[in-house]
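Good morning. I would like to walk through one model today, starting with its pockets and then going residue by residue. Please have the display open.

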Amino acid sequence: DTGLVTFKNFTLSNDPVVSTIWSFGDGSSSTDVAPSHFFGNPGLYSIDLTVTTENQCTSSYKDTVRVYKTPEVSITGKDTICINSSEQFAGVLTAPDSTITWQWSFGNGATSQVQNPSVSYSSAGDFNIQLTAANKLGCSGSADHAVNVVPLPTAAPVTNPIIIISGGSAQLNMSYSGSIVSYSWIPPQNLECTDCPQPIANPMPRTDYI
């Protein structure tokens, strides 16, 4: 978070410098000629350099350093999605930041530069989504999100059409694949159930059940 700043000392003097004091504006200081200092919090800091020569001549110079926070980013979205289904993912910052650029990589060759992109996968499998968010200084944070793409379930009639005597009934035998958790038959007329895998049908006229 935030960063390390290295300072350069351009002091010129005919009299040897015997004292160099840097004040970093955050309560810390250094007597190094050209120090490096880590700023732990974002903000605007007033930097003071005071030098004293052997003959006790003193001179000071003031400058400012603006420290930006490194973006802390996370990804929200589903962990499991259907193949060929468009799903939206969102880049979320833990704290507001300005001039953020977004770089997404979805693990399937697709990329995006918007904060909340949509993506679809044409093949099943496990993919890793990566997001990098950077501010105008190039300070960047990244996040990963694993997503499992699953194939669609299949449903196929064992016999089609089914021929029954008028007024009779027959079970709609089906062959299924995939992890199915719900069923929905239409039309509901003359069906024993509309949410079961293989209902018994007693249609009066010819009926196509879906």
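The largest pocket has a lining of 22 residues, and those nearest its centre are Pro161, Ile162, Leu172, Thr207 and Tyr209. A pocket here is found on a 1 Å grid over the protein atoms alone, as an open set of points where a 1.4 Å probe fits, with protein on both sides within 12 Å along at least five of seven lines; a lining residue has an atom within 4 Å of a point. The space in the largest pocket is about 540 Å³, where a volume is the space filled by probe spheres set on the points, and points are joined across faces, edges and corners. By class, that lining has 14 nonpolar, six polar and two charged residues. Nonpolar covers Ala, Val, Leu, Ile, Met, Phe, Trp, Tyr, Cys and Pro, charged covers Asp, Glu, Lys and Arg, and the others, Gly among them, count as polar.

Before going on, the ground rules. This is a predicted model, in which local features need pLDDT of at least 70 and side-chain atom pairs count only at pLDDT 80 or more, while totals for chains, interfaces and linings use all residues. Residues are numbered from 1 along each chain as its sequence is written, and side-chain values use heavy atoms, with hydrogens and water left out.

On confidence, the protein chain has an average pLDDT (the predictor's confidence in each residue, from 0 to 100) of 93, and 99% of the residues score at least 70. Where in the chain is confidence lowest? That is strand β1, residues 3-6, with a mean of 85, whereas β12 is highest at 98. Strands (E, at least two residues) are DSSP runs, numbered from the N terminus.

Now the second largest pocket. About 240 Å³ of space lies in it. It is lined by 14 residues, and Phe7, Lys8, Trp22, Tyr61 and Asp63 are the closest to its centre. Two or more lining residues come from each of β5 (43-53) and β6 (58-67), and β6 gives the most, with five. The lining divides into seven nonpolar, three polar and four charged residues.

Strand β5 also holds Asp48. Asp48 is partly exposed, because its relative accessible area is 23%; the partly exposed range runs between buried, under 20%, and exposed, over 50%, with a 1.4 Å probe and protein chains only. Which side chain does the side chain of Asp48 meet in a polar contact of 2.6 Å? It is that of Lys62. A polar contact is a pair of N or O atoms within 3.5 Å; within protein, one must be able to donate a hydrogen and the other to accept it, and residues adjacent in sequence count only if both atoms are side-chain atoms. Beyond four places in sequence, Asp48 is in contact (heavy atoms within 4.5 Å) with Ile21, Trp22, Ser23, Tyr61 and Lys62.

Ser30 sits in strand β3, residues 29-30. Is Ser30 buried or exposed? Ser30 is buried, because its relative accessible area is 13%. A polar atom of its side chain lies 3.1 Å from the backbone nitrogen of Asp32.

Last, Gln115, in the loop between β12 (111-112) and β13 (118-119). Gln115 is partly exposed at 34% relative accessible area. A polar atom of the Gln115 side chain is 2.9 Å from the backbone oxygen of Gly91.

Notes. Helices (H or I, at least four residues) and strands (E, at least two) are DSSP runs, numbered from the N terminus.
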